[in-house]
Amino acid sequence: MYILVMYETVEGHTKKLAETIAKWLEEVGLKVMLTSASQIGFCDPGEFDGAILCAPIHMAQYPQAFVDYINDWRDGLEAIPTALVTVSLGIASQFPDERAEVELFPRQLQDDTGWKANIEHNAAGALKFREYDFFKRWIMRRISEKEGGPVDTSKDHELTDWSALKEFTLKFAKTVQD
Ligand SMILES: Cc1cc2nc3c(=O)[nH]c(=O)nc-3n(C[C@H](O)[C@H](O)[C@H](O)COP(=O)(O)O)c2cc1C
């Protein structure tokens, strides 16, 4: 069985998630094609036995290349089992209303594309303070502080719950294999 793991990333963390998901799928005997939305070109997801799509939220939006791919290939995606992994910081917020807001991003994607994945997962992302320029570091620190998150800008912070992501991935793998 052949699974498409498609991701988009701005700062690399979602790529790391997608690579890890691909590794877990291969460990349970699935074949994987791992690619980014901007590289995938004219590859019909309907040719696969399932697809996991992963994308981060930046400025309250999914990356445009990710949205475009879904719009272009919605029919193919609807023909197979699919999963959506949304990566954000808001989901790690200490405040329930902030988390609830992030949980609405997949609905925004559905409004924009007409596509809804069979299963969805919200993963907390990363704060790459050491890679941000001065302005971005200042903004991201303020946002993180407001959400009760890390504020030590001398290091990067990875907030992803890897065991929850693995559980989600294996649940999807089982759906495809059954
Ligand atoms: C400029 C910028 C804007 C962001 N905007 C949001 C946002 O609106 N909501 C949110 O929950 N997280 C936001 N984040 C957090 C990212 O989703 C998080 O850092 C994620 O790990 C980025 O994934 P990537 O490395 O694959 O691009 C933002 C991050 C940056 C750097």
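**Exercise 1. Which space does the ligand take?**

Step 1. The ligand takes the largest pocket. A pocket is an open set of points on a 1 Å grid over the protein atoms alone, where a 1.4 Å probe fits, with protein on both sides within 12 Å along at least five of seven lines. A molecule sits there if more than half of its atoms lie within 2 Å of its grid points.

Step 2. Note the source. This is a predicted model, where local features need pLDDT of at least 70 and side-chain atom pairs count only at pLDDT 80 or more. Residues are numbered from 1 along each chain.

**Exercise 2. How many residues surround the ligand?**

Step 1. Count residues with a heavy atom within 4 Å. There are 20. Among the closest are T9 and A126.

Step 2. Sort the shell: 10 nonpolar, 8 polar (Gly among them) and 2 charged (Asp, Glu, Lys and Arg).

**Exercise 3. Which backbone atoms lie 2.9 Å from the ligand?**

Step 1. Look for polar contacts, pairs of N or O atoms within 3.5 Å.

Step 2. A polar backbone atom of V10 is 2.9 Å from a ligand oxygen. A backbone N or O atom of M59 is 2.9 Å from a ligand nitrogen.

Conventions:
Heavy atoms only, no water. Polar contact = N/O pair within 3.5 Å; in protein donor to acceptor, adjacent residues only side chain to side chain. 1 Å grid on protein atoms, 1.4 Å probe; cavity = no way out; pocket = protein on both sides within 12 Å on 5 of 7 lines; lining within 4 Å.
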